[in-house]
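Here is a short briefing on a protein model. It covers a sheet, a helix packed on it and a surface patch.

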Amino acid sequence: MNTPEIDPEFEALLEYIKHNRGFDFTGYKRPSLMRRVQVRMQNTDIQTYGEYTDYLEVHPEEFSYLFNTILINVTAFFRDRAVWEYLEKDVVPKIVARKNLSTDRIRVWCAGCASGQEAYTLAMVLAEVLGLEEFHQKVKIYATNVDEIALHQARQATYNAKEVEGIPPPLLERYFNHSNGSYTFCPDLRRSVIFGRHDLLQDPPISRIDLLSCRNTLMYFHAETQAKIISRFHFALNEGSFLVLGKAELLLTSNISFVPLNLKQRIFIKAGLARSREYFMVSNYDKDQDPNFIANNSLLRDAVFDIGNYAQIVVDVNGLLILANEQARLLFKLSSKDINRPLQDLEVSYRPVELRSPIDEVINTHRAAALSSIGWAIAHNNVNYFDVQITPLYDLLQNLLGVSVVFVEVSRYKKLQEEIENANQELEMAYEQLQSTNEELETTNEELQSANEELETTNEELQSTNEELETMNEELQSSNEELQTINAELRLRSEELNQANGFLEAIFNSLTGGVAVLNRESIIQIWNEKSEDLWGLRSQEVVGQHFMNLDIGLPVEQLRQPIRDCLSGDIKTVELSLSTVNRRGKTFQAKVTCSSLVGKLDKIRGVIVLVEAINTPE
């Protein structure tokens with residue numbers, strides 16, 4: 001898997017944050033971390049990471065905005081409802097069954113609790129199983145996060161109506177107090193939930209835990225940091241206790257300290273030493289035996305065939321094809337006669353991709369290899385794409401037995417990736433496509449994880465892509481909420497402007513005389529209904545026209561100098577009596593008043609011309 005190029009300025013920024021604020025982001029995935037930092041750089045109009053480091057030194061208040069941007073606290077009550085139903089029906093009863101509730105406490109750790117919704121959801125699930133009295137006496141929930149602002153909100157235990165939508169109505173009524181549009185978690189249960197700041201990388205783990213929930217937190221870290229955190233979780237949990245991860249997360253398959261209880265819901269059990277040995281135990285093996293030992297060992301044969309729906313072959317160190325599962329036989333048209341034949345004599349050795357060189361490299365270096373997006377025209381004008389994963393196989397003595405070659409079809413993913421790169425679609429369409437890809441990748445990871453815990457697979461590329469999509473999904477949700485807030489403010493401002501315009505129009509139409517409002521260039525801005533009635537010209541015909549160019553019964557040329565005087569500020573108001581002719585051809589004497597239109601700071605913005613009839617038209 002390709003690693004992103006290291007940016008020295010960005011790494012220096014992370015070190016500065018670590019030493020000055022105690023936040024260690026060096027274990028986070030670089031693409032998503034850089035994207036979040038760049039959001040703040042754009043808001044502060046800064047171009048480079050070095051300049052942003054200097055900005056933090058001068059403006060320490062920026063740290064708060066930066067941490068809020070990096071630590072995306074997206075959570076909800078009963079998020080992924082199926083997970084909580086499984087915990088309530090299967091996991092919590094198992095914990096209760098093995099506990100002596102007269103002497104033992106049930107200890108729960110909610111790591112990365114954000115603003116508290118998940119911790120309080122755990123409290124409701126446990127209270128439903130145990131009953132309120134037993135819960136008060138025997139349950140202690142530790143909820144931790146690195147974001148102090150999110151922890152402060154969690155300690156308040158108060159949420160608005162939108163935030164509690166995911167809670168079933170009976171539980172909402174039972175465990176929340178409703179007042180003034182807000183919902184506050186029951187104080188009696190709240191005392192059993194302890195919130196505290198905790199850094200998963202730097203602080204020691206909480207010990208003797210029976211149930212540990214860390215959902216959609218690991219996906220922000222790279223593989224090495226994830227492995228370190230998983231090791232800490234293993235230390236924190238009691239023997240046989242339960243670990244709950246998010247939908248976008250999988251335990252590394254090389255980690256044998258946990259075994260899946262329900263892979264679909266991402267629930268695992270801490271495995272003891274005996275369970276770990278069980279995964280890799282084979283019959284006694286002498287490295288001087290027949291090199292085709294891998295083909296004769298029934299346990300290893302079963303493990304390979306249990307891989308699932310992806311085509312897989314096994315080649316020994318001598319280059320002989322030892323095993324091929326059903327999908328491989330169908331895909332590459334292999335038969336039982338091809339078993340124990342040299343791989344180089346078979347079509348699969350060079351189609352869809354040349355395998356001999358990468359297999360030799362894996363055997364020589366003892367390192368797994370991955371080939372991405374290999375195109376294969378299986379049918380006419382139909383190209384399928386595969387990710388090829390080549391993994392070395394060892395016995396208990398770390399002797400190399402051979403290699404496993406897995407062909408994972410990623411045609412759908414490839415096509416979706418091309419669509420995203422070639423088209424900038426609307427936000428909603430992009431969101432739906434990313435969500436669809438996320439679901440497909442989760443299903444793929446579930447099938448891979450079901451039976452290959454004992455093998456060192458290399459599905460980090462699929463897992464990393466899945467986590468990136470989930471991160472972008474979280475960011476899009478956050479952006480949608482911001483856009484909704486901005487739209488609401490714009491609607492309010494539009495209504496206020498419409499009201500003001502309507503009020504101004506009503507004032508002008510209520511005047512008994514004709515009104516024309518001119519700007520400093522004598523361009524007509526407003527023409528009321530009385531003016532339309534006097535001169536026979538509608539507002540749409542004259543607004544935007546030069547007042548002096550009007551061909552009406554009013555001798556506008558005689559108003560040129562009064563208008564100039566008002567615009568210059570020498571005279572604020574000029575009154576004239578003029579003989580005029582209305583639209584019906586009737587002559588009447590009119591009083592014409594020119595007044596300066598004065599804005600803020602006494603700045604003259606134009607002229608108001610008011611025409612009032614002195615006598616009745618003849």
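An open sheet is built from 3 strands in the order 3-5-4, with antiparallel pairing. Strand 3 (158-160) and strand 4 (176-179) are the edge strands, and each pairs on one side only. From one strand to the next, the twist averages 30°. The model is a predicted one.

**Sheet pairing**
- Strand 3 and strand 5 (residues 182-185) run antiparallel.
- The two are joined by 3 bridges.
- Thr158 stands opposite Thr184, which belongs to strand 5.

**Helix on the sheet**
- Helix 6 spans residues 117-130.
- This helix lies across strand 3, strand 4 and strand 5.
- Helix 6 runs at about 60° to strand 5.

**Nonpolar surface patch**
- Which residues form the nonpolar patch on the surface? They are Leu427, Leu483, Ile486 and Leu490.
- Together, these four residues have about 350 Å² of accessible area.
- Helix 19 (residues 460-510) gives the most to the patch, with 3 residues.
- Leu427 sits in helix 18 (residues 427-449).
- The relative accessible area of Leu427 is 39%, so this residue counts as partly exposed.
- Patch residues need over 30% relative accessible area, and Leu427 has 39%.

Note on methods:
Residues numbered from 1 in each chain as written. Predicted model: local features only at pLDDT ≥ 70, side-chain atom pairs only at ≥ 80, totals over all residues. Heavy atoms only, no water. Pairing = 2+ DSSP bridges. Helix = DSSP H or I, 4+ residues; strand = E, 2+ residues; numbered from the N terminus. Axes fitted to C-alpha atoms, helices over the stretch in contact; angles between N-to-C directions. Contact = heavy atoms within 4.5 Å. Patch = residues over 30% accessible without salt bridge, like charges linked within 9 Å, V, L, I, M, F, W, Y side chains within 5 Å. Areas by Shrake-Rupley, 256 points an atom, 1.4 Å probe, with all protein chains shown as cover. Salt bridge = Lys/Arg side-chain N within 4 Å of Asp/Glu carboxyl O. Buried < 20%, exposed > 50% of the residue type's maximum accessible area, 1.4 Å probe, protein only.
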